[in-house]
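Please read the points below with the structure open beside you.

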Amino acid sequence: MTAAFDEMTLPDGTSRAGYEFLARWLKDTPREILAHRRAEAELLFRRIGITFAVYGDNDAEERIIPFDIIPRILTKPEWERLSRGLEQRVRALNLFLTDIYGAGAILKAGIVPADLVYRNPYFRPEMSGLKLAHDLYVHIAGIDIIRTDADDFYVLEDNARTPSGVSYMLENREVMMRIFPDLFAENRIDPVENYPEELLATLKSAAPASAPTDPIVALLTPGPLNSAYYEHSFLADKLGIELVEGRDLLVRDDVVYMRTTEGPKRVDVIYRRLDDDFLDPLTFRPDSVLGVPGLMNAYRAGHVTLANAVGTGVADDKAVYSYMPEIVRFYLGEEPILKNVQTWRCREPKD
């Protein structure tokens, strides 16, 4: 039987690099203080309203996000390697999506089976041949990572449609700094509070060519009943942009406008947290009351950017995931920095 990897302690009982200070701190801190701090953290989460919904058969139950007072620590070299691996993977995902909605070179080469793409429920024929600003499909990626030993990080899955959860990370850090200020005072820890500024800059940089010098960005939410609505409102507030529902937007002459008290105001970039099916009742589900009629016409005309792009769900597919090492090699000519979990494809006789 293989023992689980201990991220904090070496087999000889000493601490791994980066964990020495935390081990000393835990040893010197009475258990009752740790229990009190944990209760304090949960109280802060409840007061702030950091919740998510768990959908059952009837009603959604609101829960606070789980909080672990023992932090996971990555040293600077580990973080730099992980960052390179994530950036490499997202570059490959963008090239893959641009290709399958364009020339289809990877399909013609037989690297990824064509039927795996064209029969995928998230493949959107409406995107075929559509030129996107900067060829960007995945502006924000949620890559799930696990660590198995001192050197290796594995990717569990790629989330490229409407990745969720970053608000919990930001609030987690804020609460951690409030209840354990001594840990942050005694150690050099990279900040995360600049994430909203970087996200806004990324969204504005993806604005269509017809946009003004300072593009207008809005966050499109399904509404308060959505399980991640807390995050939608949190991010809109942090980014300083409008939080809108489908009924707040209208399309006129293939341009998207936001209804305001001062009249219609053009929107150049929509950070959408709404699935493809519900975006535009004229193109996708006609029964959708969450979307914006005519939005896809404005999108095709190049007058608005959707982040993430329509049709990115193909990259979320678990079968496509198994081809990610080949996808990285095909488009980048590089070996993947991050490993895939070993996966068997039942379409292949050897598997």
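1. Strand 5 (residues 217-220) and strand 10 run parallel and are joined by four bridges. Two strands count as paired if DSSP finds at least two bridges between them. Strands (E, at least two residues) and helices (H or I, at least four) are DSSP runs, numbered from the N terminus. Across this pair, Val 217 stands opposite Val 269 in strand 10.

2. The model is predicted: local features need pLDDT of at least 70, side-chain atom pairs count only at pLDDT 80 or more, and totals for chains, interfaces and linings use all residues. Residues are numbered from 1 along each chain as its sequence is written, and side-chain values use heavy atoms, with hydrogens and water left out.

3. Strand 10 also pairs with strand 11 (residues 305-307), in the parallel sense and over three bridges. Here Tyr 271 stands opposite Ala 307 in strand 11. Strand 10, helix 10 (residues 295-300) and strand 11 make a right-handed β-α-β unit. Right-handed means that, with the strands pointing away from the viewer, the path from the first strand over the helix to the second runs clockwise.

4. An open sheet of three strands has the order 7-8-9, with antiparallel pairing. Strand 7 and strand 9 are its edge strands, since each pairs on one side only.

5. Within that sheet, strand 7 (residues 249-252) and strand 8 (residues 255-258) are joined by four bridges. Leu 249 has Met 258 in strand 8 as its bridge partner. The hairpin has two residues between these strands, and Asp 253 takes a positive phi near 55°.

6. Strand 8 pairs with strand 9 (residues 265-266) over two bridges, and Tyr 257 stands opposite Arg 266 in strand 9. This hairpin has six residues between its strands, and Gly 263 in the turn has a positive phi of about 105°.
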